[in-house]
Amino acid sequence: MESGSLVDEHLITEVVRDGLQRLTGTGFLLLGHPRTVSLAFALDDLLRELDAPLDGVVHLRLPDSEVERRIDRLAARRRCRNDRTHRFEPEVDHLDVEGVCHCGGELYQREDETETRYRNMFLSYEAMLEPLTRHYAEQGLLVTVDAAGTFDEISSRALAALQKHSL
Ligand SMILES: [Zn+2]
């Protein structure tokens, strides 16, 4: 998150506070929150105040090989110059003529869909997460889970890891 978002961060924390205060003795799962270290510190304070400590923090992490596979797949996408809704993905779509859409339009790669661009997106995401995972690792709360596979596979893997961690 960029600077100048302290008001936003305060608002986010208040929304979380409101949600947690409505809970009546049940557990809770915060999805995708916190996203910054300052939000994590605010959450630490809030959970101390509410006497609702975390059992664990699940970090869904893609193996490097899977990251590479996804970058390759995304960077292989091509768009049609005739119709921007025509997209071609080599893994799933078949072309009769190389480089030509089924409508006859020329296929091209958008400037913001290159391998370098996607690689930078993954790297900056990792860089954004690093201080957060460190924050929770230092508290002994971090549970890293392999995020490759189907939704069901990842969910049960995450649940099992969290249960094991909470024992
Ligand atoms: Zn087309």
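Helix α3 (residues 64-75) packs against helix α4 (residues 115-138) at an angle of about 140°, their axes 9 Å apart. That angle makes α3 oblique to α4 (under 35 degrees counts as roughly parallel, over 145 as roughly antiparallel, 65 to 115 as roughly perpendicular and the rest as oblique). The model is predicted: local features need pLDDT of at least 70 and side-chain atom pairs count only at pLDDT 80 or more, while totals for chains, interfaces and linings use all residues. Residues are numbered from 1 along each chain as its sequence is written.

**Contact of α3 with α4**
- Val67, Ile71, Leu74 and Ala75 of α3 meet Glu115, Tyr118, Arg119 and Phe122 of α4, where contact requires C-beta atoms, placed from the backbone, to lie within 7 Å.
- This contact of α3 with α4 comprises six nonpolar, no polar and two charged residues (Ala, Val, Leu, Ile, Met, Phe, Trp, Tyr, Cys and Pro are nonpolar, Asp, Glu, Lys and Arg charged, and the others, Gly among them, polar).

- Helix α1 (residues 6-22) has 17 residues and should span 24 Å at 1.5 Å a residue; its end C-alpha atoms are 25 Å apart, which agrees (the expected span is 1.5 Å times one less than the number of residues).
- None of the 17 residues of α1 is buried (buried means 20 or more other C-beta atoms within 10 Å of the residue's own, exposed 12 or fewer, and partly exposed in between).
- Helix α2 (residues 37-49) has 13 residues and reaches 18 Å from its first C-alpha to its last, close to the expected 18 Å.
- Asp51, which follows α2, has a positive phi, near 50°.
- The axes of α1 and α2 come within 10 Å and cross at roughly 35° (axes are lines fitted to C-alpha atoms, for helices over the stretch in contact, and angles run from 0 to 180 degrees between N-to-C directions).
- Glu9, Ile12, Thr13, Val16 and Arg17 of α1 make the contact with Ser38, Leu39, Ala42, Leu43 and Leu46 of α2.
- By class, the contact of α1 with α2 has six nonpolar, two polar and two charged residues.

**Glu89**
- Glu89 lies in the loop between β3 (87-88) and β4 (107-108) (strands are DSSP runs of E, at least two residues; helices are runs of H or I, at least four).
- Glu89 counts as exposed, because it has 11 C-beta neighbours inside 10 Å.
- Not counting residues up to four places away in sequence, Glu89 touches Ala76 and Arg77.
- Glu89 and Leu20 are 69 residues apart in sequence and 43 Å apart in space, C-alpha to C-alpha.

How values were computed:
Two residues are in contact if their C-beta atoms, placed from the backbone, lie within 7 Å.
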